[in-house]
Amino acid sequence: MINIVLFGKPGAGKGTQAEFLKKKYNLTHLSTGDIFRFNIKNETELGKLAKTYMDKGDLVPDEVTIQMLQSEVDKNPQSEGFLFDGFPRTLSQAEALDNFLESKKEKITATVALEANDEILVQRLLERGKTSGRPDDQDEEKIRNRYQEYNEKTAPLMDYYKAQNKFHAVDGIGTIEEITDRLSTVIDSL
Ligand code: AP5
Ligand code: MG
């Protein structure tokens, strides 16, 4: 089994790249953001709760997110591997994921980060906000708050995975195809 964490700031291209990588490596793509949005659309209790945080650009509480992610993994017992997109985003989530996988005699194979400068990404998200309908894309203050959440809570995970010798980074600026190639080079070398 190969389990990859696709890591990167908001708008770095995780979802875009996941579409290609999941097919190429036959992985189950789990985006916590997409799962929350699906729940919001369907007006589930989980969706209603998540929305109060997401609309402001805040992270959803760990207990809720961890439980949801674990249940999504458990829905895919035949999977040949997972591509985690937007999870983990806090140290507790990373530790919970390691413990959960260990309980299944599995582990994270590698974390691959898409690197890009904040200013380019803020522009990308503002541009997408014109059509995405995502409340968290629509004003610069909310977007900036997503970066603040990333810097405070998510960026420390780079050291967590470096300490396990599992952290790899690629340049996230370029064409979509160029970036898929860069990510594939890392995954093929694992
Ligand atoms: P989530 O949905 O994960 O959003 P995000 O990480 O903030 O950012 P995106 O998904 O918007 O970016 P992406 O990196 O996937 O880039 P994309 O491919 O879309 O999370 C949303 C919210 O949910 C969080 O704020 C939080 O509230 C909650 N949440 C989710 N996970 C959580 C967790 N684990 N814990 C707690 N809360 C959680 O691309 C972005 C744009 O750029 C697109 O328009 C795309 O077309 C464009 N683009 C992509 N690649 C390129 C390229 N190479 N060149 C030019 N443009 C490109
Ligand atoms: Mg995404």
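Predicted model: local features only at pLDDT ≥ 70, side-chain atom pairs only at ≥ 80, totals over all residues.
In α2, the buried residues are Thr-32, Gly-33, Ile-35, Phe-36 and Asn-39. These residues lie on the same side of α2, because the arc that they cover around the axis is only 165°. On the face of α2 turned away from this buried side, the exposed residues Phe-38 and Lys-41 are found. The cover over the buried residues of α2 includes the strands β2 (28–31) and β3 (82–85), together with the helices α3 and α4 (62–74). After α2 comes Glu-43, which has a positive phi near 50°.

Helix α3 spans residues 45–54, and within it Gly-47, Ala-50 and Met-54 are buried. They share the same side of α3, because they cover an arc of only 70° around the axis.

A pair of aromatic rings is described by the distance of the centres and the angle of the planes. Across the whole structure, 4 aromatic pairs are found. In one of them, formed by Phe-7 and Tyr-150, the ring centres are 6.2 Å apart and the planes meet at 55°, so the pair is classed as tilted. This pair joins distant parts of the chain, since Phe-7 belongs to strand β1 (residues 4–8) and Tyr-150 to helix α7 (residues 140–154), 143 residues apart. Phe-7 counts as buried because its relative accessibility is 3%. Tyr-150 also counts as buried, because its relative accessibility is 9%. A stacked aromatic pair is formed by Phe-82 and Phe-84, with 5.8 Å from centre to centre and 20° between the planes. Both Phe-82 and Phe-84 are buried. Ring pairs also link Phe-7 and Tyr-150 with Phe-167 into a cluster.

Ligand 1 is surrounded by 29 residues, of which the closest are Thr-16, Thr-32, Asp-58, Arg-89 and Arg-128. Thr-32 is also one of the buried residues of α2. Several polar contacts to the ligand involve the backbone of glycine residues. An oxygen atom of ligand 1 lies 3.0 Å from a backbone N or O atom of Gly-13, and a backbone N or O atom of Gly-15 is 2.9 Å from an oxygen atom of the ligand. For Gly-86, a polar backbone atom is 2.8 Å from a nitrogen atom of ligand 1. On its own, ligand 1 has 1000 Å² of accessible area, and the protein covers 86% of this area.

Tyr-25 brings together parts of the chain that are separated in sequence. This residue is located in helix α1 (residues 14–25). Between Tyr-25 and Gly-81 there are 56 residues in sequence, whereas their C-alpha atoms are 8.6 Å apart in space. When neighbours within four places in sequence are left aside, Tyr-25 is in contact with Ser-184, Ile-187 and Asp-188. With Ser-184, the side chain of Tyr-25 reaches the backbone oxygen at 3.4 Å.

Most residues other than glycine have a negative phi, and most peptide bonds are trans. Phe-87 and Pro-88, however, are joined by a cis peptide bond with an omega of about -5°. Pro-88 lies in the loop between β3 and α5 (91–103). Lys-105, which is not a glycine, has a positive phi of about 60°. The position of Lys-105 is in the loop between α5 and β4 (110–115). Because its relative accessibility is 78%, Lys-105 counts as exposed. Asn-165, also a residue other than glycine, has a positive phi near 55°. Asn-165 is placed in the loop between α8 (157–163) and β5 (167–171). With a relative accessible area of 72%, Asn-165 is exposed.

Conventions. Residues numbered from 1 in each chain as written. Chains lettered and ligands numbered in written order. Heavy atoms only, no water. Buried < 20%, exposed > 50% of the residue type's maximum accessible area, 1.4 Å probe, protein only. Helix = DSSP H or I, 4+ residues; strand = E, 2+ residues; numbered from the N terminus. Arc of directions from axis to C-beta. Phe/Tyr/Trp six-rings, centres within 6.5 Å; stacked < 30°, edge-to-face > 60°. Near = heavy atom within 4 Å. Polar contact = N/O pair within 3.5 Å; in protein donor to acceptor, adjacent residues only side chain to side chain. Areas by Shrake-Rupley, 256 points an atom, 1.4 Å probe, with all protein chains shown as cover. Contact = heavy atoms within 4.5 Å.
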